[in-house]
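Q: Hi! Could you walk me through this structure in plain words?

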Amino acid sequence: MSRKKICVFSNETELSLETRELLLKAFAEAGYEVSEKYGEDAELIVCVGGDGAFIKALHLNGFPDIPFLGINTGHLGFFQEFFPDKVTDIIDDYRQGKYRVQKYATVKAEISAKGVKEELPALNEIVIRSYDSYTIHLNISIGDSFIERFSGDGICVASSAGSTGYNYSLRGSIIDPRLKVLQVTPIAPMNTTAYRSFTSSLILPSDLYLRVTPEEGYEKIRVVTDSIDRSYEKVKEIKVKLSEKEVMLLRFENYDFWNKVKTKFL
Ligand code: NAP
Ligand code: MN
């Protein structure tokens with residue numbers, strides 16, 4: 001029987017690279033095959049860095065169906081479970097199965113523009129905004145119902161996992177990731193006698209989607225998935241939905257979402 005395989009990714013900071021070496025060595029000593037490259041046959045992906053490193057690993061590897069374990073050497077490290085000093089304990093607990101797998105719902109954007117039909121995934125959020133610094137005007141529907149003509153900088157559609165990211169800075173609500181909802185938060189909405197837009201977040205159930213069509217003259221749009229930017233010309237429609245794809249993260253004994261929120265935010 002072939003040995004069980006673990007992939008270890010890291011960003012390029014000195015501490016991350018050191019920690020990666022430590023992990024590769026410790027997992028190899030524990031009898032695992034280790035690799036710094038992504039392999040579909042891995043049973044676990046260990047990601048060393050901050051949230052950015054974890055998000056990058058997801059996007060580069062097509063949101064793999066393999067559980068991740070995050071080691072925090074970054075700034076915030078909201079998704080990560082441990083600091084590098086715990087490497088030995090982590091491997092012991094992992095081998096003894098002392099963990100659970102937390103599943104995070106992800107979001108996707110279905111974009112149709114002239115000559116383009118594309119689907120983009122994101123863990124945290126999908127942002128639809130103007131390609132420059134001018135106001136954008138968008139027609140917003142929820143499912144089949146037209147809701148508003150939005151005017152402002154754009155719209156952020158966050159997953160529950162992303163509710164503590166950009167969404168939170170936009171004064172959106174923090175959502176427990178066990179809830180599968182979409183949070184639609186306006187970015188600098190205009191509210192004058194000339195323009196009227198909702199100023200608070202709207203929270204949608206998992207079977208509804210958000211549909212955006214640009215008003216005439218505003219068809220050039222930027223779509224941002226977890227901070228990755230793309231611009232589209234002649235956009236016809238963008239739908240944002242919860243995706244069937246889930247991201248899995250290992251959670252050990254002491255993990256509690258609300259405790260994490262408290263220690264990272266207050
Ligand atoms: P970044 O610009 O370094 O990220 C900004 C901060 O957000 C970092 O401290 C990052 O943690 C943290 N973060 C990422 N996802 C989070 C989450 N789900 N909950 C709480 N904090 C989170 O870029 P990045 O590291 O590649 O992360 C991309 C994310 O940054 C985007 O998806 C978006 O949510 C967020 N963002 C926030 C703002 C804002 O608040 N004004 C603007 C743009 C993007 P680490 O320090 O551990 O990397
Ligand atoms: Mn970062």
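This is a predicted model: local features need pLDDT of at least 70, side-chain atom pairs count only at pLDDT 80 or more; totals for chains, interfaces and linings use all residues.

Q: Thanks! How many residues surround ligand 1?
A: There are 18 of them, and the closest are Asp51, Gly77, Glu125, Thr164 and Ser169. A residue counts here if one of its heavy atoms lies within 4 Å of the ligand.

Q: What sort of residues are in that shell?
A: Six are nonpolar, nine polar and three charged. Nonpolar covers Ala, Val, Leu, Ile, Met, Phe, Trp, Tyr, Cys and Pro, charged covers Asp, Glu, Lys and Arg, and the others, Gly among them, are polar.

Q: And which helix gives the most to the shell?
A: That is α2, with three residues. Both α2 (51–60) and α4 (166–169) supply at least two residues each. Helices (H or I, at least four residues) and strands (E, at least two) are DSSP runs, numbered from the N terminus.

Q: Which polar atoms sit by the oxygen atoms of ligand 1?
A: A polar backbone atom of aspartate 51 is 2.8 Å from an oxygen atom of ligand 1, and a backbone N or O atom of leucine 76 lies 3.0 Å from an oxygen atom of the ligand. On the nitrogen side, an N or O atom in the side chain of threonine 164 is 2.7 Å from a nitrogen atom of ligand 1.

Q: How much of ligand 1 does the protein cover?
A: On its own the ligand has 800 Å² of accessible area, and the protein covers 68% of that. Those areas come from the Shrake-Rupley method with a 1.4 Å probe; for residues, only the protein chains shown count as cover.

Q: New topic: how many salt bridges are there?
A: The structure holds 17. A salt bridge is a side-chain nitrogen of Lys or Arg within 4 Å of a carboxyl oxygen of Asp or Glu.

Q: Why would side chains pair like that?
A: Side chains of opposite charge can pair when their charged atoms come close.

Q: Can you show me one?
A: Glutamate 215 and arginine 149 meet at 2.3 Å, N to O. Glutamate 215 is in the loop between β13 (210–214) and β14 (221–225), while arginine 149 is in strand β9 (residues 145–152), so this pair links distant parts of the chain, 66 residues apart.

Q: Is glutamate 215 buried or exposed?
A: Glutamate 215 counts as buried because its relative accessibility is 19%. Buried means under 20% relative accessible area, exposed over 50%, and partly exposed in between (1.4 Å probe, protein chains only). Arginine 149 is partly exposed, at 32%.

Q: Which residues form a salt-bridge network?
A: Lys108, Glu110, Glu119, Lys241 and Glu244 are linked that way.

Q: Last one: where is asparagine 72?
A: Asparagine 72 sits in strand β4 (residues 68–72), and counts as buried at 5% relative accessibility. A polar atom of its side chain lies 2.7 Å from the backbone nitrogen of glycine 74.

Key: Residues are numbered from 1 along each chain as its sequence is written. Chains are lettered from A and ligands numbered from 1 in the order in which they are written. Side-chain values use heavy atoms; hydrogens and water are left out. A polar contact is a pair of N or O atoms within 3.5 Å; within protein, one must be able to donate a hydrogen and the other to accept it, and residues adjacent in sequence count only if both atoms are side-chain atoms.
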